[in-house]
Amino acid sequence: MTQPQSWEARADEYSLYGFTDLPSVQKRGAVVLTHGEGPYVVDVNGRRYLDANSGLWNMVAGFDHKGLAEAAKAQYDRFPGYHAFFGRMSDQTVMLSEKLVEVSPFARGKVFYTNSGSEANDTMVKMLWFLHASEGKPQRRKILTRWNAYHGVTAVSASMTGKPYNEVFGLPLPGFIHLTCPHFWRYGEAGETEEQFTARLARELEEVIQREGADTIAGFFAEPVQGAGGVIPPSAGYFQAVLPILKKYDIPMIADEVITGFGRTGHTWGNQTYDFVPDAIISSKNLTAGLFPMGAVILGPELADRVQAAVEKIEEFPHGFTASGHPVGCAIALKAIDVVMNEGLAQNVVDLAPRFEAGLKRLAQNPNIGEYRGVGFMWALEAVRDKASKTPFEGHLSVSERIANTCTDLGLICRPLGQSIVLCPPFILTEAQMDEMFDKLEQALTRVFAEVA
Ligand SMILES: *Cc1c(COP(=O)(O)O)cnc(C)c1O
């Protein structure tokens with residue numbers, strides 16, 4: 001379908017697609033975009049799409065926010081780039097660290113910058129290895145995460161990610177242990193209540209710690225809501241059950257808030273939505289509202305003190321990226337935090353979340369929707385062949401890809417994830433735009449379920 005020299009053909013010829021369903025893109029061609037307007041993006045042919053995925057969860061202020069672009073331009077004029085090595089850093093970096101600790105759940109803390117979420121998780125693992133070794137426990141190296149977790153793509157963060165596709169890379173590396181995903185609807189056993197399921201997962205955690213030996217474990221990482229695993233909120237009481245066990249064995253708890261940070265779940269942090277305080281927070285994606293590649297490790301008071309003591313012992317933390325704490329990234333992040341928290345974006349998530357849920361609840365009456373789940377502005381619908389038995393559609397039918405492709409044809413971008421369709425629109429979405437999202441999605445569901453019936 002692509003014409004020679006078309007944008008689609010040129011994309012195909014010279015670009016290697018990441019995380020892309022190749023049969024779909026070969027049949028349909030890439031969507032090549034030129035710009036955006038609010039929550040919409042526009043392609044080279046002038047077609048508009050409502051991007052119900054906020055780009056990749058991150059463009060929370062939409063695609064043409066004037067204030068953010070101005071903050072970036074002003075900083076490019078003032079001081080367009082610098083590092084944070086050798087005791088030097090930009091004033092913007094100083095201010096952003098203060099701001100991140102201020103808006104964190106921590107009374108005090110320390111921040112370290114990276115260029116991405118993957119690197120922030122990777123950095124946190126290295127910090128834990130460094131810390132434990134410095135405290136005389138170099139054998140504390142194993143990392144606990146959960147199945148369906150997504151923590152990134154570097155060799156370490158991909159090892160933390162709990163997805164089967166990493167087998168093609170020979171990952172995970174040894175010492176990365178995956179616990180049961182806290183998705184009650186899918187992994188609860190017959191006759192088990194949600195409370196019993198949570199208790200079973202807590203027992204599993206303690207058994208794994210005892211089996212492996214607490215003094216071999218460096219840390220436990222969890223997304224408050226698993227994002228790329230298919231928008232999976234924790235089962236009831238999950239973090240309240242897990243945290244005391246981690247505490248008992250002195251295992252640091254790291255909240256990967258790359259998606260859930262800055263308002264996505266209806267509070268500033270997902271840990272507030274689920275009422276727990278982690279030992280450190282990983283931030284990225286919406287940290288800069290998607291305008292700059294940036295990640296941050298935010299250490300709470302105890303880890304900040306312990307890491308600082310470890311650094312003082314050898315007089316250096318031998319780690320950092322060339323663009324860590326980039327002044328333009330920091331200036332944008334400072335503005336993004338202000339925009340999200342003070343221009344009504346976070347409030348809009350809170351205000352429209354009930355309408356969001358009501359729309360999904362209605363769509364979930366469809367006999368081929370097994371479950372709707374989520375919180376705030378991150379939700380998923382899971383398609384099933386049979387609702388009562390939760391039997392999925394046959395894999396070769398690629399049902400979720402077909403739904404997403406049909407949505408694209410209708411001018412709506414949403415994401416297929418396993419058998420689910422993920423919706424995580426920008427925080428600026430209006431009620432009318434939300435209705436447009438649901439209308440288009442409903443048309444796509446009706447069309448595709450009729451095709452595969
Ligand atoms: C996207 C994501 C990452 C990885 O971030 P990148 O910037 O893509 O490296 C890590 N953790 C979570 C929870 C994410 O959603």
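Two strands pair if DSSP finds at least two bridges between them. Helices (H or I, at least four residues) and strands (E, at least two) are DSSP runs, numbered from the N terminus. This is a predicted model, in which local features need pLDDT of at least 70 and side-chain atom pairs count only at pLDDT 80 or more, while totals for chains, interfaces and linings use all residues. Residues are numbered from 1 along each chain as its sequence is written, and side-chain values use heavy atoms, with hydrogens and water left out.

**View 1. Strands S12 and S15 pair within a sheet of four strands.**
S12 covers residues 378-383 and S15 covers residues 420-423. Four bridges join them in the antiparallel sense. Trp-379 has Leu-423 in S15 as its bridge partner. The whole sheet is open and antiparallel, with the order S11-S12-S15-S14. Its edge strands are S11 (369-375) and S14 (415-417), each pairing on one side only. On average, neighbouring strands are turned by 25 degrees against each other, direction ignored. Axes are lines fitted to C-alpha atoms, for helices over the stretch in contact, and angles run from 0 to 180 degrees between N-to-C directions. Helix H14 (residues 345-363) lies across S11, S12 and S15. H14 runs at about 5 degrees to S12. Contact here means heavy atoms within 4.5 Å.

**View 2. Seven strands form a mixed, open sheet.**
The order is S4-S10-S9-S8-S7-S5-S6. S4 (110-114) and S6 (176-179) are the edge strands, and each pairs on one side only. From one strand to the next, the twist averages 20 degrees. How do strands S8 and S9 run, parallel or antiparallel? S8 (residues 253-256) and S9 (residues 280-283) run parallel, joined by three bridges. Asp-256 has Ile-282 in S9 as its bridge partner. Strands of a sheet pair through backbone hydrogen bonds, either parallel or antiparallel.

**View 3. Domain 1 touches domain 2.**
Domain 1 is 31-64 + 344-452, and domain 2 is 69-342. These bounds come from an automatic or database domain assignment. The C-alpha centres of the two domains lie 27 Å apart. In contact are 31 residues of domain 1 and 28 residues of domain 2. The area buried between them is about 2,400 Å², and carbon and sulfur atoms give 65% of that area. Buried area is the accessible area (1.4 Å probe) that two parts lose on being put together, summed over both. In domain 1, Trp-57, Met-378 and Lys-390 lose the most area to domain 2, together 26% of what that side buries.

**View 4. A salt bridge joins Glu-382 and Arg-186.**
A salt bridge is a side-chain nitrogen of Lys or Arg within 4 Å of a carboxyl oxygen of Asp or Glu. The side chains of Glu-382 and Arg-186 meet at 3.4 Å, N to O. How many salt bridges cross the interface of domain 1 and domain 2? The rule finds one.

**View 5. Arg-108 and Asp-305 link distant parts of the chain.**
Their side chains form a salt bridge at 2.8 Å, N to O. Arg-108 is in the loop between helix H5 (91-103) and S4, and Asp-305 is in helix H12. The two are 197 residues apart. By the salt-bridge rule, the count comes to 21.

**View 6. Strands S2 and S3 form a hairpin.**
S2 (residues 40-43) and S3 (residues 48-51) run antiparallel, joined by three bridges. Val-41 stands opposite Tyr-49 in S3. Four residues lie between the strands, and Gly-46 in this hairpin takes a positive phi near 85 degrees. S3 also pairs with S13 (residues 412-413), in the parallel sense over two bridges. Asp-51 stands opposite Ile-413 in S13.

**View 7. Pro-172 and Phe-86 show backbone angles to look for.**
Most residues other than glycine have a negative phi, and most peptide bonds are trans. The peptide bond from Leu-171 to Pro-172 is cis, with omega near 10 degrees. Pro-172 sits in the loop between helix H7 (155-160) and S6. Phe-86 has a positive phi near 55 degrees. Phe-86 lies in the loop between helix H4 (66-78) and H5.
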